[in-house]
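Trainee: I have a model open and would like to work through it with you. Can we take it piece by piece?

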Amino acid sequence: MTMSSTHFKPPKNASSRSRLSIGLLLLWTALCGAESREAAWIPARWHSHDPATLELLRAGPVNCILLERDDWHETMVRAARKQGLAVLGVIRPGETAAITSRLAAQLGMNGVVLEGDFEQQALDSIRAITQKLAVIELPSRARIRLDSRDPITGTNQGLWPGLEIEHNGKTIVGPTSAPWINTNGGFLRFLVARTGRTTWLAVDPPPGNVFPVERYLQAIGDAAIPGARWVISIDSDFEARLLRRENGAVKDWRRIADHLRFYEQWRQASAFGTFGVIIDRKTGGLLSSFLLDMLAAQRTSALVIPPGRVEAGSLKRLSVLLDLEKDALNTEERRAVQEFVDDGGAVLNPPATARFPEPSPAKMIPERRDLDRLQSLWEMVYNATLRKNFGVRAFNTTGILTAVVTPDNGRSVIVHLLNYTDYPSETITVHALGNWKRARLYRPDAPPRELTVYKVAEGTATDVDAFTTSAAIHFE
């Protein structure tokens, strides 16, 4: 599906702080139980059974490798475990579940990754055999168990992040007449908020392509900013050069490591904003290129609130609430929404004509007819949010998405900037909601530095000069 303006019409080294954060994370992991250890896994696919290749991971942030069946060798598993790496065996539908999962246990793996859509009988068989191992299910989006008690949830179905390009090389224009960005951000924000679990996105680069390292850095940020982790997966050309220790490939791999460290330091930050969206799977939460991504495209910070978590306390900071799940709320939740209205908040309810698309194993983005049926809803949301600051506004950000989070319950905020283009950004102006006294810029490839702040009508502003892929501004 191509998202165009006709569908919806408007009415090098890590910083010392980063290394310290990783160290604290690992220390906390060591002191806590199994669930915390699994939640701290930073995963990567590793297509080799040669223990010597593990040297590439030494002293890096990747602490968990996913091995395909052909690489399930005892010497490889033993060497990885000795190096402090968690080892997970990948199992796919169609493989003999009992035999394969039993082998994973015999080899001393930490767990198995069930990638794809399994029949329930196969799932039950694997879990019965691997009771002492971690079991991570990565099905299609429609098969995600939103009520799972597993410490890690996720999917293997997602978009490859980046600007959407037609076959003739033309950049697709989105709802705001800016280049449309293929992102998993909205879906991942929903999934993280809905499950409260560590979330993995196991999306491989499109086969037959050789990508510059910037595309992998974008994929890392695309998942990390909403609070998830991308399972690192590189193209076969990059992988072959890396395993041969070619200088250019090793240098690019170090850049990947720097970006992983960069985002891990804000792993515990929570979503922030004054525009809330009550959304669930039946109202598009599992879809990409849908409402949450469209809001992000016009620089509107949206706070995802799933049914069951609508509380008066969570609504206090909001100024506008989009309620897509009115009929699903219980009595206490409806009372909380009414209190929000009584205190001066505005509630947007979907028009009666709105019909939300149903997710399916083959569908992760809405079709044209889905968007046509939601035109009236988008017009209402667009008019309510246009040129308003619900957390952050940014200017001169073509091909760049922004997001705002808080590491300390609103006492400070972090504005993420992720550049999906193939060229460095130019000077960007950022307006953060609130009165902040200082701002500090963080990048994976440079030490932190202070920025000049100044007051604007909607809060506090600062200017950021060029950066390549990832940057974050901490307003305090």
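Trainee: What is the mean pLDDT of the chain?
Mentor: This is a predicted model, so confidence comes first. Residues reaching 70 or more make up 89% of the chain. The mean pLDDT is 89.

Trainee: Which strands stand at the edges of the open five-stranded sheet?
Mentor: The pairing is parallel, and the order is β1-β2-β3-β4-β5. An edge strand has a single partner, so one side of it is left without a neighbour in the sheet. Neighbouring strands here are turned by 25° against each other on average, direction ignored. The edge strands are β1 (43-45) and β5 (134-138).

Trainee: Which residue in β3 is the bridge partner of Cys 64?
Mentor: β2 (residues 64-67) and β3 (residues 86-91) pair in the parallel sense over four bridges. Helix α3 (residues 74-82) lies across both strands, at about 170° to β2. The bridge partner of Cys 64 is Ala 86.

Trainee: Is Thr 100 buried or exposed?
Mentor: Thr 100 is found in helix α4 (residues 97-106). Beyond four places in sequence, Thr 100 touches Arg 69, Trp 72, Ile 91 and Glu 95. Its relative accessible area is 8%, and the cut-off for burial is under 20%. Thr 100 is therefore buried.

Trainee: How far apart in space are Gly 158 and Asp 204, C-alpha to C-alpha?
Mentor: Gly 158 is in the loop between β6 (152-155) and β7 (162-163). Gly 158 is buried, with a relative accessible area of 16%. Leaving aside neighbours within four places in sequence, its contacts are Arg 141, Asn 184, Leu 201, Val 203 and Met 364. Asp 204 is 46 residues from Gly 158 in sequence, and the distance in space is 8.9 Å.

Trainee: Which members of the largest nonpolar core touch the most other members?
Mentor: This core has 95 residues. Another core lies apart from it, with 20 residues, among them Ile 400, Val 404, Ile 428 and Phe 475. In the largest core, the members asked for are Ile 256 and Phe 275.

Trainee: Which residues does Ile 256 touch, not counting those up to four places away in sequence?
Mentor: In soluble globular proteins, nonpolar side chains tend to be buried together. Ile 256 belongs to the largest nonpolar core. It touches Val 213, Tyr 216, Leu 217, Ile 220, Ile 232, Ile 234 and Phe 238.

Trainee: Which elements do the buried residues of α14 pack against?
Mentor: Helix α14 covers residues 375-385. Its buried residues are Gln 375, Leu 377, Trp 378, Val 381, Tyr 382, Ala 384 and Thr 385. Just after the helix, Arg 387 takes a positive phi of about 60°. The buried residues pack against β12 (275-278), α10 (291-297), β14 (320-323), β15 (346-348) and α13 (368-373).

Trainee: Which residue in β21 stands opposite Arg 440?
Mentor: β20 (residues 439-443) and β21 (residues 446-451) pair in the antiparallel sense over four bridges. A hairpin joins β20 to β21 through two residues. Opposite Arg 440 stands Glu 450.

Notes
Residues numbered from 1 in each chain as written. Predicted model: local features only at pLDDT ≥ 70, side-chain atom pairs only at ≥ 80, totals over all residues. Heavy atoms only, no water. Core = buried A, V, L, I, M, F, W, Y, C linked by side-chain atoms within 4.5 Å. Buried < 20%, exposed > 50% of the residue type's maximum accessible area, 1.4 Å probe, protein only. Contact = heavy atoms within 4.5 Å. Pairing = 2+ DSSP bridges. pLDDT = per-residue confidence, 0-100. Axes fitted to C-alpha atoms, helices over the stretch in contact; angles between N-to-C directions.
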